[in-house]
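Reader: I am new to protein structures, and I would like to work through this one by asking about it step by step.

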Amino acid sequence: MIHRIPPGTRDVLPDEMRELRKLNLALIEAFESHGYGEVRTPTIEYDEVMARGDGRTAGSAYRFFDERGELLALRSDMTIPIARLVASRFAQAEPPFRLCYVANAYRAVRPQRGQMREFGQAGVELIGAAAPEGTAEVIEVLEAALDAAGLTRAVIGLGDADLYRQLLTELGIEGEARETVLEKLAMHDLVGLEEELSTREGIGSDQRQTLIALSQLRGGRDVLDEARSIGGEAVERATTRIQGTIDALEARGAADRVLVDLGLLRDLGYYSGAILEVYDPAVGHVLGGGGRYDRLLGRFGLDLPAAGFSLYLERLHVAQAEEERGA
């Protein structure tokens, strides 16, 4: 007899569990070798804490009432709980704080799209180190984690979270149109983006061409010059920040796996400045991502710059197997 489990969840059998445990240990060793200490936070947080961290995605959390009527939520990522932890436990300590984790997170998604409701994450948070040096350190640790997993072909995309927010303001695109455009950009839906822009009053062909052209720019340093040729203060600010990160990476000898990706836009609302995504040609899914969240700690009463990343463990494991098969 087969007993069902909820869609978007799965059982893990012994052989795979042994492989996942080996992967987890390799990642933690890579994090700790760079000075990051492992922490654990509760699976359950107060809903108010998760909403304070990112009101945009609070609706994707699984929420329920406890026996006292308090509204609780299963954590939907680890960055917000760690921000709460640092603001609560390290408020009087001297930054920067280097923390890492391996943990499960939970999101109310549409499992028919192949998304998981329950998924494992491994990552780091660097709190109290400003850009661009702090960003470069996080990327260096990310590269070490990919090496520890044996993902020699994985590439790190580097973009800017504020680029399109500021550009849309510059172009006068506000309200419902703004949110829809940002959603299409985050999904890399260029067809939907063009359709949306063409049906909105007040959005001219030049504005459409600017957004679509920028969203397709990927490559090395020359991409930044191409973007600047399009013009605009928002583009200039974003490309200057990205250039600073690349310069800091080159000084560390850690720029080889980084690809400038101006089409990158993360769906979490707390990111500001540099954002990251990890790709591997062996699989069709993004393996993880991250970036700067310099304003998040201030929501918990501790105004510190911060950056981090998380990797999806199950996707990392699939990529690991595919790379080994293709070796």
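The questions and answers below go through parts of this predicted model.

Reader: Is E137 buried or exposed?

Author: E137 is found in helix α4, which covers residues 133–148. A residue counts as buried when its relative accessible area is under 20%. Because the relative accessibility of E137 is 12%, E137 counts as buried.

Reader: Which residues does E137 touch, not counting residues up to four places away in sequence?

Author: The helix that holds E137 is α4, and residues up to four places away in sequence are set aside here. With those left out, the residues that E137 touches are Y36, R98, L126 and R252.

Reader: Which strands stand at the edges of the open sheet of nine strands?

Author: The order of the strands in this sheet is β1-β5-β6-β12-β11-β10-β7-β9-β8, and the pairing is mixed. Two of the strands have a single partner strand each, so one side of each is left without a neighbour in the sheet. The strands at the edges are β1 (37–38) and β8.

Reader: What is the bridge partner of R218 in β9?

Author: Strand β9 covers residues 258–261, and β8 pairs with β9 in the antiparallel sense over two bridges. In β9, the bridge partner of R218 is D261.

Reader: How many residues of the lining of the second largest pocket are nonpolar?

Author: The second largest pocket holds about 330 Å³ of space, and 13 residues line this pocket, with M17, L20, N104, G120 and E314 the closest to its centre. In the lining, three residues are polar and three are charged, while the number of nonpolar residues is seven.

Conventions
Residues are numbered from 1 along each chain as its sequence is written. This is a predicted model: local features need pLDDT of at least 70, side-chain atom pairs count only at pLDDT 80 or more; totals for chains, interfaces and linings use all residues. Side-chain values use heavy atoms; hydrogens and water are left out. Helices (H or I, at least four residues) and strands (E, at least two) are DSSP runs, numbered from the N terminus. Buried means under 20% relative accessible area, exposed over 50%, partly exposed in between (1.4 Å probe, protein chains only). Contact means heavy atoms within 4.5 Å. On a 1 Å grid over the protein atoms alone, a cavity is a set of points where a 1.4 Å probe fits but cannot get out, and a pocket is an open set with protein on both sides within 12 Å along at least five of seven lines; lining residues have an atom within 4 Å of a point. Grid points are joined across faces, edges and corners, and a volume is the space filled by probe spheres set on the points. Ala, Val, Leu, Ile, Met, Phe, Trp, Tyr, Cys and Pro count as nonpolar, Asp, Glu, Lys and Arg as charged, and the others, Gly among them, as polar. Two strands pair if DSSP finds at least two bridges between them.
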